[in-house]
Amino acid sequence: MIWVFGYLTLGALSGVLLLMTNYDDLRHDFSFENLVAFVLAVIILLTLWPFLAFYLIYDSVVRRLRVRPKPAFKILRRELGQALSIEAVEANERVEDPLGAVPALPFGHLNPAWVQFRAGLASGSQLAPFSKIHKDGITERYVGYAEVGNGPVTRWFFTSIRRIA
Amino acid sequence: MTAQMPERLTYKGEKLSLAEQPLSAFFKLARSKPAMAETSSALWRGYIGSWEINDGRLYLIDIDGELEDGSALTLDLLFPGFPDRVFAHWYSGDMRIPQGKLLDYIHAGYASVYERDLILSIECGVVVRETVRHNGKAPKGSGPEGYRIEALTAFGGRKARTQK
């Protein structure tokens, strides 16, 4: 008997909690339908609260397990094209516009970002073009240049990001 | 997410609604974006760009937005030395321009479906293809043509923008 009493008491406490959190809505938007819905919710809580609690815990655990770290963007050496000098890249990447709506600098309006990237390169560095599809929720094609070295590729500059799906 | 206000596009003399944000790619590539004021749930990006296709090339010709400090966002601020016209050479992708009457209103992003979608495929700021996708025919007597947002929340104390 005490178990039944305890069971219903926990359900009643949940009902009170529900009433407290919805009191303003019920007061301002009082209608017969809302009252019936509320009473039904209290009855369900009173009798079936373990199922609700199980669902809430299960849902939060499953949701947490489903969250995976985002795949980091990386480029492999075999994905790189032919290496070029910085000067050659800058010469190739001049953007022209008949209306003069772009600066006469390497990478046009992206020049400030390029200048920042170039400042971090060792003198005599070589760069190689790449074009790579990366999935991170959405699928995009990344195009740009990466620094060529002996080890893994760690520095790159994007010139275009195109959404594929 | 609330349905979002479109960008503006002038194409072949027509003023159209553009369901794409070519500036988003710029901010990603430039690795910098000014802090915009949030003025409305229908404008999470914080600005509306005005674009033009001129001789097959995509240009940003104006921007309407507000920075967090309350000052106006201008083209010259984003692209110093280019206050009137910016060639969008950084942009490659398919620009969707919804046309005709509304078939299915979806209150999220640019998800609503209209009778037609004009798709302009752009490579490095240059139009390479133009296609039209037919999505269906609205019943007779249905609402007016054009892009529509049915609800939004304007955030208090800041200038709320409206579609022009």
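**Figure 1. Chain A is divided into two domains.** In this predicted model, domain 1 of chain A covers residues 2-66 and domain 2 covers residues 77-163. The centres of domain 1 and domain 2 of chain A, taken over C-alpha atoms, are separated by 56 Å.

**Figure 2. A:N34 in helix α2 of chain A.** Helix α2 of chain A comprises residues 32-66, and A:N34 lies in this helix. A:N34 has 13 other C-beta atoms within 10 Å and is therefore partly exposed, since a residue counts as exposed at 12 or fewer such atoms and as buried at 20 or more. For A:N34 and A:H134, the separation in sequence is 100 residues, and the distance in space, C-alpha to C-alpha, is 49 Å.

**Figure 3. An open sheet of four strands in chain A.** The strands of this sheet follow the order β1-β2-β3-β4, with antiparallel pairing. Its edge strands are β1 (84-85) and β4 (156-163) of chain A, each of which pairs on one side only. In general, the strands of a sheet pair through backbone hydrogen bonds, in either a parallel or an antiparallel manner.

**Figure 4. Pairing of strands β3 and β4 of chain A.** Strand β3 of chain A spans residues 138-148 and pairs with β4(A) in the antiparallel sense, over seven bridges. Opposite A:V143 stands A:S160, a residue of β4(A).

**Figure 5. The contact between chain B and chain A.** Chain B contributes 16 residues to the contact, and chain A contributes 16 residues. On the side of chain B that touches chain A, α1 (22-30) and β6 (86-87) of chain B each supply at least two residues. The most is given by α1(B), with four residues. Sorted by class, this side of chain B holds nine nonpolar, four polar and three charged residues.

**Figure 6. The largest nonpolar core.** This core has 47 residues, and those with the most contacts inside it are B:L29, B:Y59 and B:A88. Helix α1(B) gives the most to the core, with five residues. In soluble globular proteins, nonpolar side chains tend to be buried together.

**Figure 7. The surroundings of B:L29.** B:L29 is one of the residues with the most contacts inside the largest nonpolar core. When its neighbours within four places in sequence are left aside, B:L29 is in contact with A:L110, A:A113, A:F158 and A:I161 of chain A, and with B:W90 of chain B. Of these partners, A:F158 and A:I161 fall within the residue range of edge strand β4 (156-163) of chain A.

Terms used: Residues numbered from 1 in each chain as written. Chains lettered and ligands numbered in written order. Predicted model: local features only at pLDDT ≥ 70, side-chain atom pairs only at ≥ 80, totals over all residues. Domains from an automatic or database assignment. Contact = placed C-beta atoms within 7 Å. Nonpolar A, V, L, I, M, F, W, Y, C, P; charged D, E, K, R; others polar. Core = buried A, V, L, I, M, F, W, Y, C linked by C-beta atoms within 7 Å. Pairing = 2+ DSSP bridges.
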